[in-house]
Amino acid sequence: MLPSLYIALDAPDKEAALALAKQCQGLPLGFKVGMELFYGEGMPIVRNLQALSDYPVFVDLKLHDIPVTVERAAANLVRQGVRFFNIHAQGGPVMMEAAKNGAIEALPATDSEDSLTILAVTLLTSLSAHDVNQHLQANVSPNDYVAHLAKASQAAGLNGVVCSAKEATVVRDACGEGFLKITPGIRLPENIVGDQQRVMTPEKAIHAGATTLVVGRPITQAANPCVAAQTFCAAVASASCAAPTKAGA
Ligand code: C5P
């Protein structure tokens, strides 16, 4: 079971990432390693963070290539101990199935398929409805675009999607409660939005059906990251207690 909060450790190097992680160690949250940190530090930082956490480190590399390449990349991640990673739903159903197959084949005999969490990124939270229409040339709303890719991800056997909290409800309606909705673009009212477009507060995200929130800069750039992380943990915990579940979903 994943925690309700992952910190995006978008730090320039392992020293900065580990310092942040150690400040938040012991809180009910996981650590996410994205491209900036992974391409700088590689697998050792994933292993370092794994040692600091009770939860799987989320390796957010958004694999997106032809199916055979993604299959082999996924297998290599799993061979090196990664159990939680993501790919891009826009790579298509064959690519998504290939990623899952590669990951399963690379598991050691001691680990079951259940040890894997593979997510598909639907639509980056930095893209707006205008971008969907003008750049992607998709004549649909972000809701419909994300719901379509979520259903395709579920059909490919993935565990859930990365989407904006604004689409969590449509994904829940399309794919059910058990399908993970991991949502970046989370901000408190006082936080700077930055380059994100489709943002929500933690409370609203949980009420909308998000299963795990991803928070980066509002924690990592805070004057006191530990206090900021505690604030997000408390917001998530109280919203989770109050969140309605959809009967029969
Ligand atoms: O700093 P901030 O809270 O905006 O960080 C969000 C994190 O989530 C970043 O690491 C970003 O790469 C990641 N992410 C995202 N939108 C997606 C998928 C991942 O913002 N759709």
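Predicted model: local features only at pLDDT ≥ 70, side-chain atom pairs only at ≥ 80, totals over all residues.
The strands, for their part, form a closed barrel of eight members in the order β1-β2-β3-β4-β5-β6-β7-β8, with parallel pairing, and the twist from one strand to the next averages 25°.

- Two packed helices are described by the angle between their axes and the distance between the axes.

**Strands of the barrel**

- Strands of a sheet pair through backbone hydrogen bonds, either parallel or antiparallel. Strand β4 (residues 84–88) and β5 run parallel and are joined by five bridges, and within this pairing isoleucine 87 has alanine 120 of β5 as its bridge partner.
- Strand β5 (residues 117–121) has five of its five residues buried, so it is largely enclosed by the rest of the structure.
- In a regular strand the side chains alternate between the two faces of the sheet. In β5, Thr117, Leu119 and Val121 lie on one side and Ile118 and Ala120 on the other, and both faces are covered, with all of these residues buried.
- Strand β7 (residues 180–183) is likewise covered on both faces, with Leu180 and Ile182 on one side, Lys181 and Thr183 on the other, and all of them buried.
- Strand β6 (residues 160–162) runs parallel to β7 and is joined to it by three bridges; here valine 161 has lysine 181 as its bridge partner in β7.
- β7 also pairs in the parallel sense with strand β8 (residues 212–215), over two bridges, and isoleucine 182 stands opposite threonine 212 of β8.

**Helix α3 and its cover**

- In helix α3 (residues 43–52), the buried residues are Met43, Ile45, Val46, Leu49 and Leu52.
- The cover over these buried residues of α3 includes the helices α1 (14–24) and α2 (35–41) together with the strands β2 (30–33) and β3.

- Serine 153 has its place in helix α7 (residues 142–155) and is buried, with a relative accessible area of 0%.
- Leaving aside residues up to four places away in sequence, serine 153 touches Ala89, Met96, Ala120, Leu158, Val161 and Phe179. Among these contacts, Ala120 is the β5 residue that is the bridge partner of isoleucine 87, and Val161 is the residue whose bridge partner in β7 is lysine 181.

- Histidine 64 lies in the loop between β3 and α4, where its relative accessibility of 43% makes it count as partly exposed.
- With residues up to four places away in sequence not counted, histidine 64 touches Val70, His88, Gln90, Gly91 and Met95.
- Histidine 64 and methionine 96 are 32 residues apart along the chain, and their C-alpha atoms are separated by 9.2 Å.

**Positive phi values and an exposed loop**

- Lysine 62, in strand β3 (residues 58–63), has a positive phi near 50° although it is a residue other than glycine, and with a relative accessible area of 23% it is partly exposed.
- Glutamine 137 is not a glycine either, yet has a positive phi of about 60°; it sits in the loop between α6 (129–134) and α7 and is exposed, with a relative accessible area of 62%.
- Asparagine 139 is also found in the loop between α6 and α7, and at 77% relative accessibility it counts as exposed.

Note on methods: Residues numbered from 1 in each chain as written. Heavy atoms only, no water. Helix = DSSP H or I, 4+ residues; strand = E, 2+ residues; numbered from the N terminus. Buried < 20%, exposed > 50% of the residue type's maximum accessible area, 1.4 Å probe, protein only. Contact = heavy atoms within 4.5 Å. Pairing = 2+ DSSP bridges. Axes fitted to C-alpha atoms, helices over the stretch in contact; angles between N-to-C directions.
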